[in-house]
Amino acid sequence: MRVATDIGGTFTDLVYVDDSGVIGIAKSNTTPPNFEKGVLDVMEKADVQSGELSTFIHGTTVIINALTERKGAKMGLITTKGFRDILEIARGNRPDLFNVRYEKPEPFVERHLRLEVDERLNYKGEVLSPLNRKDIEECIQYFKSEGVESIAVSYLHSYVNSAHEEETVKIIKELWPEVFVTASSDITKEWREYERTNTAVLNAYVQPAATTYVDKLDRELQKQTKSDQRYIMQSNGGTTKFNNAKEAPINMVESGPVAGIFGAAVLGELIGEKNIIAFDIGGTTAKCSLIENGEVKVSTDYYIERDSRNAGYPIKAPVVDIVEIGNGGGSIAWIDNAGSLKVGPQSAGALPGPVAYGLGGTEPTTTDANLLAGRLSPKNFDYDVDMDEVREAIQTKVGNQFGITAEEAALGIIRIANSNMLNALKLISIRKGYNPQDFTLLAFGGGGSMHAPALALELGVKKVVVPIASPVFSAWGMLMTDLRHDYIQTYIKRMNELSLDEITAQWDEIENHALRHYVDEGMTEDKVEFHRFADMRYLGQEHTVKVPVPVGKWSEEDKRDIIERFHTLHEKNYTFKLEDSPTEIVNLHVTAFGKVPKPVIAKIERIGTVLEARKEFRAVYFEEKGWINTPVYDREKLPSNKVIKGPAVVEEKAAVTVIYEGQQLHLDTYGNIIIEMEEK
């Protein structure tokens, strides 16, 4: 049995596929700070028996939570003499340009714990000053006296030559074996000193907590299975073994959300939809990502806590291009100082949760609003819902502020939440030059199917897909992933001066390193597949374009094709091309996939009638329409390819689909709900 679990802010999800191809799902409450308990709870709820587990894949929010909540280790930084303050100098291109009170992000490591050592390389990686061992010994003594738990090492130009960083780590381990150590060159071989240093610092910051968490989970899983096929989802859309995850936990910063994005690409290929906007609404956040021609976009220009007023913290690690906002089922509705209604980013979480849970929550949430508006039914909750209490909370906290009824206030909360989500969808599409009408909206997560049809009407999207197992689709996506590692090496060469033998040697060196990595993970060479990319730009430019390039030895014709492909992609991304300008490579990027067996997705052929699937009629409150007596259907009983016209509600375990007047839906041959505009 293959099992995937995904820890979210509110729920922990599970999907399994047994040897006969049967899919099962389960949800359980997330259990901070002992997250592994939530995993064991959901496995018990799904009745996953000890000994049946052959493969286990896990996605987690532990890393991003440790960063955003500042619950990492006390740490120190060792860097090149003269570069102690690189984290505070940061970048000058601040986002809020005219704010005279703008403050740069505060470094995760205090200044007195940022120490310098005598060593220096030039930009070619040649040694200008040898590493001074005595300086390192003094750093260790000081860190010990300050109670440091983890150390980051980042030297100038170590992305070209990592010898000094490797020697420093060796000395630290020799003199202080129990401390955690991160060398920047072990995390990334990409240039940009500030970004690379910050990435090493953040990795060191979360490493103790990540190691403790992974070890605790691993010990519990060993009681469940003797198989060593235990993997953790990475931010690049692939998986890695538990031990590798402990060494570079920063690669798990978006571990959970990206699995759903990758799953959307896999499902899109299966149903013939190459252009997809993947849209995931959970209990705490809403996430979206754009997939073009079946390609999940991965970038190393990732930031946490970045917005229009804050520069955030860069992470030079491969992360799926994703927009995330603090709006989900548990997002709290509140009134700001100007008297405006807001929804999120604060969340009620799993405890106390929405008012409807009856666990002590007093603040109205999006879930409470959907319940009062009839979109959700109290009969489908795991708790005894007191509707009077829900109505009172919405009336008191929102309705009374505007002199409206609780139902009108609930609809207001839903519309504000939808507006926030709509902005996120525009950021990933319109703001990047894509027309959302050319894409299919694939909605998943506990709230995705409830909000997506309304958002599709706003965006003009003609088709919405609600996949099978939609409430736990991120976990489903993990079952479809391969092992994946990205190797990025800064390599600045002008294309007209490029030696074919030299570039071949560089590619071979990276790929041979990747093969050794996979062999250490127990993967045979025939199961490893390489994809190559070159980050290219016009001479004198700052920004680059990622260009797919051929595997194997290049020819002069390949060079010409690559340059032409760069011109085309540059025009697509930036609306212009300069065909007479020289071009250059900045980074070489190898994505290495370790292919693993995946479950076969079986077709579903359901016979019957729409009437047999209808559960009841329920009053649902719609915008501009008021209360409408709406048919409610059971997704598990919907017949294949039979059309249902809106307004209508389709219920399933842990999710609800709401379609509007002018929309219609049917179940396809794989069990996915397909929502389209009614034919005129």
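1. Five of the five residues of E34 (residues 663-667) are buried, so the strand is largely enclosed by the rest of the structure. Strands (E, at least two residues) and helices (H or I, at least four) are DSSP runs, numbered from the N terminus.

2. Which strands pair with E34? One of them is strand E31 (residues 644-645), which runs antiparallel to E34 and is joined to it by two bridges. Within this pairing, Lys 645 stands opposite Gln 664. Strand E35 (residues 673-677) also pairs with E34 in the antiparallel sense, over five bridges. There, Leu 667 faces Ile 673 as its opposite residue. Two strands count as paired if DSSP finds at least two bridges between them.

3. Another glycine to find is Gly 326, in the loop between strand E20 (323-325) and strand E21 (331-335). What does Gly 326 touch, leaving aside residues up to four places away in sequence? The list is Thr 284, Thr 285, Ser 331, Val 343, Gly 344 and Pro 345, where contact means heavy atoms within 4.5 Å. Thr 284 is 42 residues from Gly 326 along the chain, yet their C-alpha atoms are separated by 6.2 Å.

4. Now for the whole protein, which has 17 helices and 35 strands. Its radius of gyration is 26 Å, close to the 26 Å that the globule rule gives for 680 residues, so the protein is as compact as a globular protein of that length. This radius is taken over C-alpha atoms, and the rule is 2.2 Å times the number of residues to the power 0.38. Buried residues make up 57% of the 680. Of the contacts with a separation of 6 or more, 67% join residues 24 or more positions apart.

5. A word on reading these values. Residues are numbered from 1 along each chain as its sequence is written, and side-chain values use heavy atoms, with hydrogens and water left out. Because the model is predicted, local features need pLDDT of at least 70 and side-chain atom pairs count only at pLDDT 80 or more, while totals for chains, interfaces and linings use all residues.

Conventions:
Buried < 20%, exposed > 50% of the residue type's maximum accessible area, 1.4 Å probe, protein only.
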